[in-house]
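The text then walks from strands to site to domains.

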Amino acid sequence: MSASVGQRVSIIGGGGNVGAATAFALIVKGVSAEVLLVDVSDKAAEGQALDISDASFSLPGTCRKGSYKEAGQSDVIIITAGARQQPNEPRSSLIDRNYKVIQSIMDSLKPIKATAKILVVSNPVDVLTDIAQKTSGLPRHQVIGSGTYLDSGRLRNELSSITGVSPRSIHAYMLGEHGDNQFTGWSAANIAGRPLLDHSRMKGVDLDSLYEKIQRKAYVIIDAKGSTFYGIGMCAATLTQALLSNTSQVFPVTNYVEQYGCYMSWPAAIGYDGVEQSLDVKLDDEERKKLQTAIDAIKGACSGY
Ligand SMILES: NC(=O)c1ccc[n+]([C@@H]2O[C@H](COP(=O)([O-])OP(=O)(O)OC[C@H]3O[C@@H](n4cnc5c(N)ncnc54)[C@H](O)[C@@H]3O)[C@@H](O)[C@H]2O)c1
């Protein structure tokens, strides 16, 4: 029996690890939505949906296998389909395989509901978000990617264990690109409005090693267990909640930043219309150079497709 829930979220690639982790996170977070799983492997989508539906009986959301036609008429369409990194493979090398996947998915989804929001999670997420926007025909503010939200969470967890302050009270972002060109926005990082680097327990911390640890975390997990999915599943579910509501919460997501003329991982306020505003971030000269490197990498990759 399906619950009477008003909103529909579809996950393309829902038969895979990230898709299923996202659906599970949406259900256990108590999101009151019908979650549909769509996958090129019908059997995988069916299996994941049946398993997740067993977790939903005491919660407001529901989960079942869906079709592309149903997915195209959803309020939020999450894309987790495609190839994933092999051990030590950079995200950027997935582009040739995954851009064809995105193109064919957008064709299959049409007609797409005019008010739908698309959330791209597949890698390389900044470039694929650009391709998804162009091939979906939806306005830029309705098509976003998970960007550096996961990386920023990893950063906040690390900073929490150093400072002793909850990660929820630490304002710090990984920026630019969800990939090897991401950088830490130290100039803007703060706790209660005070620069984070002024915190007494940050004295003597090796910032380069800290960056390296965050940057390498996905590679460590992939080496140990084959893929990463719980962290990104929770991130994608949280972003979906923001897209289903009107909280205007700020997240570092892939969004089109007019000032730089491309999709990139950058803080934006998210609500029912998608991106409500892309924000300005304080950067020093060194960070501006790193930002330019990330922008050049994204624009370079996008120009090939
Ligand atoms: N953005 C992030 O922070 C982040 C984090 C982790 C993984 N990822 C990315 O998420 C993607 C999925 O990773 P995974 O671990 O779930 O992989 P997976 O192999 O477990 O799942 C991928 C699923 O996509 C399906 N698929 C392939 N082509 C399809 C198509 N044309 N239409 C519908 N379904 C299709 C496959 O059948 C499979 O079920 C990868 O690109 C990975 O790099 C992103």
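What follows is a short tour of a predicted model. Because this is a predicted model, local features need pLDDT of at least 70 and side-chain atom pairs count only at pLDDT 80 or more, while totals for chains, interfaces and linings use all residues. Residues are numbered from 1 along each chain as its sequence is written.

Start with strand β4, residues 76–79. Strands here are DSSP E runs of at least two residues, helices are H or I runs of at least four, and both are numbered from the N terminus. Val76 and Ile78 point one way from β4; Ile77 and Ile79 point the other way.

β4 has two parallel partners to look at. Strands pair if DSSP finds at least two bridges between them. β1 (residues 7–12) pairs with β4 over four bridges, and Ile12 stands opposite Ile79. β5 also pairs with β4 over four bridges, with Ile77 opposite Ile118. From β4 the chain crosses through helix α4 (residues 95–109) to β5, a right-handed β-α-β crossover: with the strands pointing away from the viewer, the path from the first strand over the helix to the second runs clockwise.

Now the site. An unreviewed UniProt entry lists a "binding site" that includes Gly13, Val18, Asn98, Val121 and Ser122. UniProt positions use the numbering given here, feature names are shortened, and annotations may be inferred rather than shown by experiment.

Val18 lies in helix α1 (residues 17–28). Why does Val18 count as buried? Because 28 other C-beta atoms lie within 10 Å. Beyond four places in sequence, Val18 touches Gly13, Thr80, Val121, Phe229, Ile232 and Gly233; contact means C-beta atoms, placed from the backbone, within 7 Å.

Ser122 sits in the loop between β5 (117–120) and α5 (125–136). Ser122 is buried because it has 30 C-beta neighbours inside 10 Å. Its contacts beyond four places in sequence include Gly13, Ile79, Thr80 and Asn98.

Step back to the domains. Domain 1 spans 8–147, and domain 2 spans 149–231 + 243–302; the bounds come from an automatic or database domain assignment. Their C-alpha centres lie 23 Å apart. The contact takes 30 residues from domain 1 and 28 residues from domain 2. On the domain 1 side, α1, β5, α5 and β6 (143–145) each give two or more residues. The largest share, five residues, comes from α5.

How values were computed:
Buried ≥ 20, exposed ≤ 12 C-beta atoms within 10 Å, placed from the backbone. Contact = placed C-beta atoms within 7 Å.
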